[in-house]
Amino acid sequence: MIKLASEAEATLSSFYEEMRAKGAPRLRAAAWAAFSEFGLPSRRVESWHYTDLKTAMSRPAPLATSSRGAMPLPRAHDSLRLVTLDGVFRADLSDIARLPEGVAVQSLRDALAQGELHVMSALASADIGAQDPILALNAALMQDGVVVQIAPGAKIARAIELATFSSAEAAQSTYTRALVMLGEGAQATLIETLGALSAAPAQDNGALVLRLAASARVELVTHLSGGVDQSIRVASLLAHLDADARIHSFALIEGEGLHRRQIFVRLDGEKASAVFNGATLGRGRLHADTTLIVDHAKPSGQSRECFRNILDDQSVGVFQGKVIVRPGAQKTDGAMQSKALLLSEQATMNNKPELEIFADDVQCGHGATCGRLDKDQLFYLTARGLPRREAEALLIEGFANEAMEALEDEQLKAFLSDRVSVWLSRRIGR
Amino acid sequence: MLEIKDLHVAVGEHEILKGLTLSVKAGEVAAIMGPNGTGKSTLSYIVSGREGYDVTQGDVRLNGENILDLDPAERAARGVFLAFQYPVEIPGVATMTFLKAALNAQRRARGEPELQTPEFMKRVREAAASLGVSQDMLRRPLNAGFSGGEKKRMEILQMALLQPRLAILDETDSGLDIDALRVVADGVNALRSPERAFVVITHYQRLLEYIRPDTVHVMAQGRIMRSGGPELAQELEERGYQDYIAQEAA
């Protein structure tokens, strides 16, 4: 273990002492040890090369201490909502009473106190994402969150929304972790909403752990929004798929400040299938990083990634995608694509797709492009009567749509299209 | 309708149009014929407002108004329509979304009320039926994966929907088989009217058997070299463009 040298790391160490006293000391100790080995990642850490978290987090904000009463929260979906507010799971603000049969919910705090083996081992998830210091920090400091268990065979019609908000008037840090376990053959639509309700610069480190038993199916839509220039949000997703399980995911990143979404997915059963798509709408000085590791551990798995970064002003986009095919994972079929559209001279995109293939009978490919709006397309649309900004909007919308097309839930698709339209209408308006 | 006088156009140092003069009246179908590389497409782009060309001399008037300072959308709202030689594929943009946005943008610019969806759908369906454009094509992203013939039919469908005053058809016959050519020509002929003018740009006389022009203009070396009636097209078909290319050498 190296000595954590910086002032920031000393502050985090005091957070750790505080949280360890509150429960799950062994789990936290292991995670803290993992974090301590790396410390806050600087640009010298390869997977954090484009997002300088060490500098951004040079002053960790105090841990959130929520004592807020009931408050009205913005609602975008007709969903079964489970709310974590300022680092604390809020049953009183959640749709607990409306949960259908087959869905069991408890707070992370309660789950950690009970210490059920299968829950604890799922929460620890040491097998994937173990190399990431910020995910380890999340496990060491997790304050609260929600644990959802969906019974084998249950098909949950209404979407379950995991909503995490920061509402404090002053800067604060939150460390939240949610776990969703789907039993064999279970099906659910999940919405992950990460937002800010105040203008204070929050530092939110959240993780969602998904365990899909054999033949389980999940459609997941993640929406990262809000933030101010100084806010920092790291949202990690750990997904673990057994045989024939399928996840189809789309993430939209917008807002301000620094956002990093990191995805660690392991296809750990034969014929598992994972789709991770996403779009970023960058404006102002937004820094939006999507970093993804898809680990094919068993044969005949399929993975698809399609990301679209739309970057205006001085915004910065990052896409790092790595597809790993383990020695035994023959017949793996993987395709990864990242495209960026730069709408201003000052916008920046960093694309880094990678393949690490240790099996010989696989089909894997990747592509990354970065460009501006196509002049021929623009002329075509304007020659048909669309004013320049509207023509641009139509092309940008089309560009984003390509990543959304495959979503099955029409309501969620409409919600996302609407977010894109709102973003574009602000652009037309200026 | 369209008055072009002594038009000189350059791209960088290279002059493409060298004093082109052309007049097309309302109700007229004017055919422009000429060899490759003589600036026919440039002419269509200049009238419709594409960027990247320098007009160094001359002017282009539409119903008396100089349109060279207008952007493409403003020209479209005034009734200029270009049927592209190579219609652009736009994946991700639904054809119907595009059609409605274009039509209503033009209507807004002219101060007309926007068309509501039922009326819009009715018009698209009618135009599509007469041009053999399938519902499947309308459901796909704009021109994405369309064959050459499908793209050209989509151009004519847009023309039928937008009802322009001046339609420029740039090599609309290229890449069409004889059946598709007939469908496209019928679409154009159905739109002929005393209030509307057409400029039909083509290499070959073939298209003009289906769309009978009122006037024929031979374009070579960046200018209109000769104008006449439909018989001129026949003469060109027999003799080729040798006479006009030779003049330059002489």
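Student: What distance separates the centres of domain 1 of chain A and domain 2 of chain A?
Tutor: This is a predicted model. In it, the two centres, taken over C-alpha atoms, are separated by 27 Å.

Student: Where do the bounds of these domains lie in chain A?
Tutor: The domain assignment gives 7-372 for domain 1 and 373-430 for domain 2.

Student: How many residues does each domain of chain A bring to the contact?
Tutor: Domain 1 of chain A brings 20 residues and domain 2 of chain A brings 18 residues.

Student: And which elements give two or more residues on the domain 1 side?
Tutor: These are strand 9 (217-224), strand 11 (246-253), strand 13 (273-282) and strand 15 (302-311) of chain A. Strand 13 of chain A gives the most, with five residues. By class, this side of domain 1 has 11 nonpolar, four polar and five charged residues.

Student: Which residues touch the most other members of the largest nonpolar core?
Tutor: They are A:Leu182 and B:Ile168, in a core of 207 residues. Helix 8 of chain A provides the largest share of this core, nine residues.

Student: What is B:Ile168 in contact with, leaving aside neighbours within four places in sequence?
Tutor: Its contacts are B:Ser44, B:Val47, B:Ser48, B:Phe81, B:Leu82, B:Ala83, B:Val199 and B:Ile201.

Student: What is the strand order in the open sheet of four strands in chain B?
Tutor: The order is 2-1-4-5, with antiparallel pairing. Strand 2 (14-24) and strand 5 (65-66) of chain B are at the edges, and each has a single partner strand, so one side of each has no neighbour in the sheet.

Student: How many bridges join strand 4 of chain B to strand 5 of chain B?
Tutor: Two bridges join them. B:Arg61 has B:Asn66 of strand 5 as its bridge partner.

Student: Lastly, which strands does helix 1 of chain B lie across?
Tutor: Helix 1 (residues 40-48) of chain B lies across strand 1 (2-11), strand 2 and strand 4 of chain B, and runs at about 70° to strand 2 of chain B.

Note on methods:
Residues are numbered from 1 along each chain as its sequence is written. Chains are lettered from A and ligands numbered from 1 in the order in which they are written. This is a predicted model: local features need pLDDT of at least 70, side-chain atom pairs count only at pLDDT 80 or more; totals for chains, interfaces and linings use all residues. Domain bounds come from an automatic or database domain assignment. Two residues are in contact if their C-beta atoms, placed from the backbone, lie within 7 Å. Ala, Val, Leu, Ile, Met, Phe, Trp, Tyr, Cys and Pro count as nonpolar, Asp, Glu, Lys and Arg as charged, and the others, Gly among them, as polar. A nonpolar core is a set of buried Ala, Val, Leu, Ile, Met, Phe, Trp, Tyr and Cys residues joined through C-beta atoms within 7 Å. A residue is buried if 20 or more other C-beta atoms lie within 10 Å of its own, exposed if 12 or fewer, and partly exposed in between; C-beta atoms are placed from the backbone. Two strands pair if DSSP finds at least two bridges between them. Axes are lines fitted to C-alpha atoms, for helices over the stretch in contact, and angles run from 0 to 180 degrees between N-to-C directions.
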